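Have a look at the structure below.

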Amino acid sequence: MDVVLALVVIAVLGLLVLVGASVRVVTQYQRGVVLRFGRLLGDARPPGLTVIAPGIDRMHKVNMQIVTMPVPAQEGITRDNVTVKVDAVVYYRVFDPVRVVVDVQNYQAAIAQVAQASLRSIIGKSDLDDLLSNRERLNQGLELMLDNPAVDWGVHIDRVDIKDVALPESMKRSMSRQAEAERERRSRVITAEGELQASQKLAQAAQVMATQPAALQLRLLQTMVEVAAEKNSTVVLPFPVELLRFLEHATPPSSEARTPSAAGDLPVLRPTTPPVPAS
């Protein structure tokens with residue numbers, strides 16, 4: 001009886017070990033690829049419990065989530081002969097787990113190497129201005145360069161972004177001087193345009209004052225009001241000649257009464273005393 005009980009216990013334990021070796025759990029974000037004696041067995045296993053033959057089958061679980069892979073900074077020379085360091089980030093996911101297991105040995109390392117080579121190629125084909133200001137087009141070109149070989153491996157490239165462009169210190173100083181010179185040029189152009197518009201308006205105002213002398217007097221009074229607002233004790237104000245001419249034309253000529261002399265406008269002879277000779 002004891003022997004039978006021991007055999008039953010051994011059989012149950014063996015069955016449990018067999019079940020534990022044959023049952024596998026595939027999570028929701030994974031797919032299972034089963035190889036039997038080194039050959040592919042059917043399609044990829046869906047999430048949930050799956051049974052394999054212990055000792056015969058081997059299951060490879062493949063992650064189907066989107067993977068974020070940073071690309072190390074790559075140093076290169078742009079098309080306009082500027083040495084830069086550029087780093088990027090790649091977003092990809094597996095869409096065919098069978099190809100990932102069967103067609104490529106290590107798809108993650110393969111994607112990393114292709115990303116670095118493609119990034120160096122993009123640096124050599126682009127100008128510095130494109131790397132700094134036209135990154136969307138470069139991102140699209142880099143994505144196409146990565147997606148062409150990755151599709152054959154069962155991997156889809158979702159997005160590629162260039163993160164940072166490191167420039168030499170000398171180039172940074174040159175770019176800062178260029179930006180400062182550009183701002184100075186714009187300020188001078190704006191000042192010159194303002195002076196041109198002001199001169200045109202002043203010329204129009206001069207024409208109006210030339211035809212209307214009273215406008216000059218009103219402008220003079222306005223200037224006095226503006227100066228008086230400063231609360232100065234002494235005001236030095238030039239007096240224009242045109243205002244004098246205006247006042248001269250506005251004032252009628254005065255007629256002085258001419259009074260005749262009592263002798264009929266004849267000169268009056270005054271008696272003179274002859275000189276006395278000296279003794």
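What follows is a short chat about a few spots in this model.

Visitor: What kind of model is this, and how are residues numbered?

Guide: Residues are numbered from 1 along each chain as its sequence is written, and side-chain values use heavy atoms, leaving out hydrogens and water. Local features need pLDDT of at least 70 and side-chain atom pairs count only at pLDDT 80 or more, while totals for chains, interfaces and linings use all residues, as this is a predicted model.

Visitor: Is Leu5 buried or exposed?

Guide: Leu5 sits in helix H1, residues 2-22; helices are DSSP runs of H or I with at least four residues, strands are runs of E with at least two, and both are numbered from the N terminus. Buried means under 20% relative accessible area, exposed over 50%, and partly exposed in between (1.4 Å probe, protein chains only). Leu5 has 54% relative accessibility, so the word for Leu5 is exposed.

Visitor: And Asp57, buried or exposed?

Guide: You'll find Asp57 in strand S5, residues 57-63. Its relative accessibility is 7%, so Asp57 counts as buried.

Visitor: Which side chain makes a polar contact with the side chain of Asp57?

Guide: Let's start with what touches Asp57: leaving aside residues up to four places away in sequence, these are Val34, Leu35, Arg36, Leu41 and Ile52, where contact means heavy atoms within 4.5 Å. A polar contact is a pair of N or O atoms within 3.5 Å; within protein, one must be able to donate a hydrogen and the other to accept it, and residues adjacent in sequence count only if both atoms are side-chain atoms. At 2.6 Å, the partner side chain is that of Arg36.

Visitor: What is the bridge partner of Leu35 in S3?

Guide: Strand S2 (residues 30-36) and S3 run antiparallel and are joined by 2 bridges. In S3, Leu35 has as its bridge partner Leu40.

Visitor: What is the phi of Phe37?

Guide: Phe37 is in the loop between S2 and S3. With 67% relative accessibility, Phe37 counts as exposed. Its phi is positive in a residue other than glycine, near 55°.

How values were computed:
Two strands pair if DSSP finds at least two bridges between them.
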